[in-house]
Amino acid sequence: MTPDILVIIPARGGSKGVPGKNIKPLCGRPLIHYTIDAARAIAPDADIYLSTDSDEIAASAREAGLEVPFMRPAELAADNAGTYPVLIHALDHYRSCRGTDPDIVVLMQPTSPFRTGTHLREALDLYRRAASSPQGVDMVVSVAPAKTNPYLNCYEESPDGLLHISKGEGAILCRQDAPQVWEYNGAIYVINPASLRAMPLSAFPRRIKYPMTATDSLDIDTPLDWLLAEAVMTQRLSTPSNF
């Protein structure tokens, strides 16, 4: 039986780094439309929840044909509002409509325009395999190779103002000798709903990585990120077979 998947796209109206970025045109299309397109590769529109406090973002989603089942309450739209209560709010809405939780929750940030349906299907396959294993899984999360390595070139400052290597004794001098480390890229989170009900994502003990390339992992947070995304998207749209 095909599992029920709930896709949640959180898109708050306020954006400091790139004002209005969720609906800002990227190569002629509102940024959020790229995420809506990708979500449709794994779920019908009725199972794609856009969680927003912004009438403008909701209108942009409707222009793409996606209905917006609810508006996010003001207390979940403040600058200090975390993702966890937003996810629970959407999950509660799903339960109130269906009488149960979905089998899988997929969190998709709208600032990752290079995440595709192929990426999502591969991450879901990885989740399903892990979920059927004896240890189970809380989440499959997309990652990219970390730009800095705590064993090699990532430092912390001590109380006396001196820099010290973040991890290890500083004996590793060559990048090839350092352990591989990863960073979340913000594109895909495939989540066990029971785990989500029990604890926030940061507390999950059973997390499995889904690696993506640095380019596909591009997350838009700053004006420089936007310029890079425009350059990459322009190149990919000119050679659609590569996208």
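Is Arg197 buried, partly exposed or exposed, and at what relative accessibility? Arg197 counts as partly exposed, at 27% relative accessibility. The legends below describe close-up views of a predicted model.

**Figure 1. Arg197 and Asp92 form a salt bridge.** The closest N and O atoms of the two residues are 2.5 Å apart. Arg197 belongs to helix H5, residues 193-198, and Asp92 belongs to helix H3, residues 83-98. The pair therefore ties together parts that are 105 residues apart in sequence. Arg197 is partly exposed at 27% relative accessibility, and Asp92 is also partly exposed, at 37%.

**Figure 2. Arg236 and Asp216 meet through their side chains in a salt bridge.** The N to O distance is 2.8 Å. Arg236 is in helix H6, while Asp216 is in the loop between E10 and H6. The two residues are 20 residues apart, and their pair links distant parts of the chain. Arg236 is buried, with a relative accessible area of 11%. Asp216 counts as buried too, at 12% relative accessibility. In another view, salt bridges with shared partners join Asp92, Arg95, Asp101 and Arg197 into one network.

**Figure 3. Asp221 and Lys21 form a salt bridge.** Here the closest N and O atoms are 3.7 Å apart. Asp221 sits in the loop between strand E10 (207-211) and helix H6 (223-238). Lys21 sits in the loop between strand E1 (5-10) and strand E2 (25-26). Asp221 is partly exposed, with a relative accessible area of 43%, whereas Lys21 counts as buried at 11% relative accessibility. A search of the whole structure finds 11 salt bridges, and the pair shown here is one of them.

**Figure 4. Tyr49 and Phe70 form an edge-to-face pair of rings.** A search of the whole structure finds 3 aromatic pairs. In the pair shown, the ring centres of Tyr49 and Phe70 are 5.5 Å apart. Their planes stand at 85 degrees, so the pair is edge-to-face. Tyr49 lies in strand E4, residues 48-51, and Phe70 lies in the loop between helix H2 (55-63) and H3. The contact therefore ties together parts that are 21 residues apart in sequence. Tyr49 counts as buried at 3% relative accessibility, and Phe70 is buried with a relative accessible area of 9%. Ring pairs link Tyr49, Phe70 and Tyr94 into a cluster.

**Figure 5. Tyr184 and Tyr189 form an edge-to-face pair.** The centres of these two rings are 6.0 Å apart. Their planes are at 80 degrees, so this pair is edge-to-face. Tyr184 counts as partly exposed, at 41% relative accessibility. Tyr189, in contrast, is buried, with a relative accessible area of 10%.

**Figure 6. Lys24 lies over the face of Trp226, and Arg29 lies over the face of Tyr34.** Lys24 is at 5.2 Å from the ring centre of Trp226. Arg29 is at 4.8 Å from the ring centre of Tyr34.

Methods. Residues numbered from 1 in each chain as written. Predicted model: local features only at pLDDT ≥ 70, side-chain atom pairs only at ≥ 80, totals over all residues. Heavy atoms only, no water. Salt bridge = Lys/Arg side-chain N within 4 Å of Asp/Glu carboxyl O. Helix = DSSP H or I, 4+ residues; strand = E, 2+ residues; numbered from the N terminus. Buried < 20%, exposed > 50% of the residue type's maximum accessible area, 1.4 Å probe, protein only. Phe/Tyr/Trp six-rings, centres within 6.5 Å; stacked < 30°, edge-to-face > 60°. Lys NZ or Arg CZ within 6 Å of the ring centre and 35° of its normal.
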